[in-house]
2 protein chains.
Amino acid sequence: MESRCENCIIRQFNSLRAMSKEELKKVSDSKTTKKIKKGDPLFEEGDKLNGVYCVRDGVSKLSKLSANGKDQIVKLATKGEVIGQRSVIAEESTNLSATAVNDMEVCFIPKESIIHTLHKNPDFTLEVLRHMAHDLKEADDVIVNMSQKTVKQRIAEAFLYLKNNFGEDEEGFLALTLSREDISNVVGTATESAIRIISEFKKKGLIHTSGKRIGIKNERKLVELVEGF
Amino acid sequence: MESRCENCIIRQFNSLRAMSKEELKKVSDSKTTKKIKKGDPLFEEGDKLNGVYCVRDGVSKLSKLSANGKDQIVKLATKGEVIGQRSVIAEESTNLSATAVNDMEVCFIPKESIIHTLHKNPDFTLEVLRHMAHDLKEADDVIVNMSQKTVKQRIAEAFLYLKNNFGEDEEGFLALTLSREDISNVVGTATESAIRIISEFKKKGLIHTSGKRIGIKNERKLVELVEGF
DNA sequence: ATCAATAACTGATAAATGTCATATTTTTAG
DNA sequence: CTAAAAATATGACATTTATCAGTTATTGAT
């Protein structure tokens, strides 16, 4: 199921769209497509990356291990996003681990073709820069949320985020199902605390659950909660 | 005291060093030098920036107001750093406020010369990209610290950070003096909590104080505390 | 130098969150 | 399908952190 980058729709959503025909050809010739099973790593914190990963399908969590042994999820990367750019550009080993949250299909693009284009094609470089500027802004927002909002607010926000970014299935559950542990690692709290708050939300009729799946029942109240009522 | 960017030492520390002679000339001709008094703003959250600020002297805090009315300081920018790049590049209004922590001298560079160079000089763009990649990594670290470390650990870390990045004066106090409120806004806690922990550190002989000035007395123990003992 | 304003500090208490222990449910492997 | 493993759930309690109320110290303007 090998296909050409030139024809890849995914590309429209990331910085590769700023590449020239020839550059894209080179990328396409050097790339390899990989399937990664749910729970398997794309790479681990500290690895030297020889390229970047372009997500064709599935979701990856980017996380960092803290001193107390807990993972903090910093970002969820989905279809169209490029993972690993930061460390390739900074020429450092990666500061984050990437793990498949569900079955994934990714293209691995060796760093040479990326770096070469970064030096030659300012449109591409600027496009990458714009994406990184966006990520930085989001990171700033996360910092503020982490330090100024309660766990309850952060969990409510996480559910809204999941709805807005990954949507819902036919039955009205969030399309991306995270384990309670992953949820707690996104909001930065103990798993038990997250579970407790989920139970509370359920009792109050803000959400409904079925197994590990969660559906939003009263979006408005969740929003109010996030804003601080 | 107007001087030319071409001769500015500060430039060596930021992305402007990747500019060509002519580009630098254009920047130098269009820039203006400003003095900003301690406590005064460079810009406020939501402002549209018409350029970037290059810090020649002094320190600026970059902060974001949270829903509960507290400021969260996201970064301290010092000599050599360029402020406001992110929003100029993303062509958005700024997500942060910048305020002078002490008397500052900055150069304001209109965005036109920056943007023009971003489109024409890939070396410059890549250099800016590298700086932003660095900022993003630091932001990731802050997220992990905020969510996984106790207030005590974060305060200890803040003192070590201040020592490593701004040094100490002749009397052994941290060269950059922040108010207790600013300290609490850096680590994301209530001012009273920060004060309490500072008192505790003092009692335990980790630091010494004189007015609002703080000096590190037992760096090793502070480091141990941060790592979690 | 003096006084008003601001910042730093302390105590008491409430609220939020983490930890540990254990029960229950769901998922997975064979 | 079933047993074992893993994940979810809940209770009791400890710890951390915030809030409110008030005092003391420092700073800045006249």
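The legends below describe close-up views of a predicted model.

Local features in this predicted model need pLDDT of at least 70, side-chain atom pairs count only at pLDDT 80 or more, and totals for chains, interfaces and linings use all residues. Residues are numbered from 1 along each chain as its sequence is written, chains are lettered from A and ligands numbered from 1 in the order in which they are written, and side-chain values use heavy atoms, with hydrogens and water left out.

View 1. A:C54 is in no disulfide, and its nearest cysteine sulfur, that of A:C107, is 5.8 Å away. A:C54 counts as buried because its relative accessibility is 6%; buried means under 20% relative accessible area, exposed over 50% and partly exposed in between, with a 1.4 Å probe and protein chains only. In chain B, the sulfur of B:C107 is too far for a bond from the closest cysteine sulfur, in B:C54, because 5.8 Å lies between them. B:C107 also counts as buried, at 6% relative accessibility.

View 2. An unreviewed UniProt entry places "domain: Cyclic nucleotide-binding" at residues 15-135 of chain A. UniProt positions are in the numbering used here, feature names are shortened, and annotations may be inferred rather than shown by experiment. Over residues 15-135 the chain is 33% helix and 34% strand, with the end C-alpha atoms 13 Å apart. Helices (H or I, at least four residues) and strands (E, at least two) are DSSP runs, numbered from the N terminus. For residues 149-220 of chain A, UniProt lists "domain: HTH crp-type" (unreviewed entry). That stretch is 54% helix and 11% strand, and its end C-alpha atoms are 18 Å apart.

**View 3. The axis relating the chains.**

**View 4. A:R86 between the chains.** A:R86 lies in helix α2 of chain A and counts as buried, at 8% relative accessibility. Leaving aside residues up to four places away in sequence, A:R86 touches A:E92, A:S93, A:N95 and A:M132, as well as B:A133, B:H134, B:L136 and B:K137 of the other chain.

**View 5. A:D141 in helix α4.** Helix α4 of chain A holds A:D141, which counts as partly exposed at 27% relative accessibility. A:D141 and A:F124 are 17 residues apart along the chain, and their C-alpha atoms are separated by 26 Å.

**View 6. B:H116 in helix α3.** B:H116 sits in helix α3 (residues 111-120) of chain B. With 40% relative accessibility, B:H116 counts as partly exposed. From B:H116 to B:I214 the C-alpha distance is 45 Å, and the two are 98 residues apart in sequence.

Notes. Disulfide = S-S within 2.5 Å. Contact = heavy atoms within 4.5 Å.
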